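Hello,

Please find the structure we talked about below. My notes on it follow.

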Amino acid sequence: MGSSLFSEVRVELGIAYSDLHDFPVHGHDFCELVIVLKGRGIHLLDGEKQRIIFGDVYVLKGDQHHGFENLVEIELAVFRYRHELLFENEDELLKIPGYSVLFQLEPAFRQQQKHRSNMRLSPEQQVEVEKLLAAFQQEQDRGDRVCGLQ
């Protein structure tokens with residue numbers, strides 16, 4: 001595995017603002033759920049290039065190397081998590097609507113399609129997600145236990 005940029009990640013939300021045009025390919029030993037909140041760019045993943053735009057949602061497994069190029073006013077919400085910690089009770093998670101689509105089917109489909117597709121939120125869904133992200137960030141800033149995962 002490649003070098004790790006982060007350490008001791010359990011569950012964390014990071015909202016990244018960037019006017020960079022490139023972010024080098026890198027690897028880490030945790031997973032990420034990424035939501036493109038604004039802007040556009042190219043996501044480099046497993047040797048493939050994929051266009052990302054506002055509303056795209058995707059999951060990166062910890063063993064995937066990725067980076068970015070040609071970013072334009074990009075804003076990403078990135079949930080970093082350790083698979084083994086978040087999914088200790090996967091039987092319960094399977095009962096949540098959308099869980100299997102996002103965390104099981106979407107990564108498999110993207111890999112099969114050589115990363116040429118992403119799930120994309122509608123504008124209405126994007127508004128709802130941004131409200132949830134704001135609430136999550138407030139809980140995290142206060143040091144609250146978010147969903148019992150910290």
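Lys-61 is partly exposed because its relative accessibility is 40%; buried means under 20% relative accessible area, exposed over 50%, and partly exposed in between, with a 1.4 Å probe and protein chains only. The residue sits in the loop that links strand S5 (56-60) to strand S6 (66-81). Helices (H or I, at least four residues) and strands (E, at least two) are DSSP runs, numbered from the N terminus. Lys-61 and Gly-27 are 34 residues apart along the chain, and their C-alpha atoms are separated by 9.9 Å.

Two notes on the source. This is a predicted model, in which local features need pLDDT of at least 70 and side-chain atom pairs count only at pLDDT 80 or more, while totals for chains, interfaces and linings use all residues. Residues are numbered from 1 along each chain as its sequence is written, and side-chain values use heavy atoms, with hydrogens and water left out.

His-26 belongs to strand S2 (residues 22-26). His-26 counts as buried because its relative accessibility is 11%. Its side chain reaches the backbone oxygen of Pro-24 at 3.0 Å.

Next, strand S3. Of the 15 residues in S3, 12 are buried. Arg-40 stands opposite Val-72 in S6, Val-34 has Tyr-58 in S5 as its bridge partner, and Gly-41 stands opposite Ile-52 in S4. S3 and S4 form a hairpin with two residues between them, and Asp-46 in the turn has a positive phi of about 50°.

Last, the cores. A nonpolar core is a set of buried Ala, Val, Leu, Ile, Met, Phe, Trp, Tyr and Cys residues joined through side-chain atoms within 4.5 Å. The largest one has 16 residues, and among those with the most contacts inside it are Leu-33, Val-57 and Phe-79. The elements that give two or more residues to this core are S3 (31-45), S5, S6, helix H3 (99-112) and helix H4 (123-142). S3 gives the largest share, four residues. Beyond its neighbours within four places in sequence, Leu-33 is in contact (heavy atoms within 4.5 Å) with residues including Tyr-58, Ala-77, Leu-102 and Phe-103. A second, separate core has 11 residues, including Val-34, Tyr-58, Phe-68 and Leu-76.

Regards

Technical notes
A polar contact is a pair of N or O atoms within 3.5 Å; within protein, one must be able to donate a hydrogen and the other to accept it, and residues adjacent in sequence count only if both atoms are side-chain atoms. Two strands pair if DSSP finds at least two bridges between them.
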